[in-house]
Amino acid sequence: MRQRLPAVLALLALGMAAPLMAQQEDPFLWLEEVEGTRAMEWVEAKNAATVAELTGTPYYQPLYQRTLEILNSRDRIAFPSMMGDHLYNFWQDEANPRGVWRRTTWDSYL
């Protein structure tokens with residue numbers, strides 16, 4: 001019985017704290033307004049700080065270029081989704097930066 005006592009006390013404490021927590025206003029509730037002005041300004045500031053931190057290192061540009069080469073490589077394997085008798089794949093490359101949906105048959109894919 002002694003081993004269960006801490007768990008019971010923890011549950012009891014949570015049960016008593018829940019009404020108190022429910023009464024507190026969430027100070028970040030404004031972030032749920034995804035396209036709200038305040039939320040967008042916050043996101044843009046955080047993004048700017050992150051980009052500044054990343055681009056400020058000498059490792060950034062070589063890693064960026066290598067990653068871009070890998071993502072744009074024609075040698076990569078297309079991973080399709082199977083639907084019925086066809087295979088579908090969303091493909092992005094330098095010629096299709098926004099992507100294109102492709103469809104093929106099993107025989108063609110193999």
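This note goes through the predicted model point by point, from the overall fold to individual residues and surface patches.

1. Basis of the note. The model is predicted, so that local features are taken up only at pLDDT of at least 70 and side-chain atom pairs only at pLDDT 80 or more, while totals for chains, interfaces and linings use all residues. Residues are numbered from 1 along each chain as its sequence is written, and side-chain values use heavy atoms, with hydrogens and water left out.

2. Fold. The protein has four helices and three strands, which follow one another from the N terminus in the order α-α-α-β-β-β-α; helices (H or I, at least four residues) and strands (E, at least two) are DSSP runs, numbered from the N terminus.

3. Of the 110 residues in the protein, 7% are buried, where buried means under 20% relative accessible area, exposed over 50% and partly exposed in between (1.4 Å probe, protein chains only). Among contacts (heavy atoms within 4.5 Å) between residues at least 6 apart in sequence, 9% join residues at least 24 apart. The accessible surface comes to about 10,300 Å², with 60% of it belonging to carbon and sulfur atoms; these areas come from the Shrake-Rupley method with a 1.4 Å probe, and for residues only the protein chains shown count as cover.

4. A buried asparagine. Asn-89 is found in strand β2 (residues 86-91) and counts as buried because its relative accessibility is 9%. Leaving aside residues up to four places away in sequence, Asn-89 touches Ala-78, Phe-79, Pro-80, Val-100, Trp-101 and Arg-102.

5. The nonpolar patch. Ile-77, Phe-79, Met-82, Trp-106, Tyr-109 and Leu-110 make a nonpolar surface patch of about 770 Å². Patches are made of residues with over 30% relative accessible area and no salt bridge, with like charges joined within 9 Å and nonpolar side chains (Val, Leu, Ile, Met, Phe, Trp, Tyr) within 5 Å; a salt bridge is a side-chain nitrogen of Lys or Arg within 4 Å of a carboxyl oxygen of Asp or Glu. Within this patch, Tyr-109 is found in helix α4 (residues 106-109) and is partly exposed because its relative accessible area is 36%.

6. Glu-25, Asp-26, Glu-32 and Glu-33 form a negative surface patch, in which Asp and Glu count as negative, Lys and Arg being positive and His and the chain ends not counted; the place of a charge is NZ of Lys, CZ of Arg, CG of Asp or CD of Glu. Glu-33 is found in the loop between α1 (5-23) and α2 (37-55) and counts as exposed because its relative accessibility is 53%. Leu-29 lies in the loop between α1 and α2 and, at 45% relative accessibility, counts as partly exposed.
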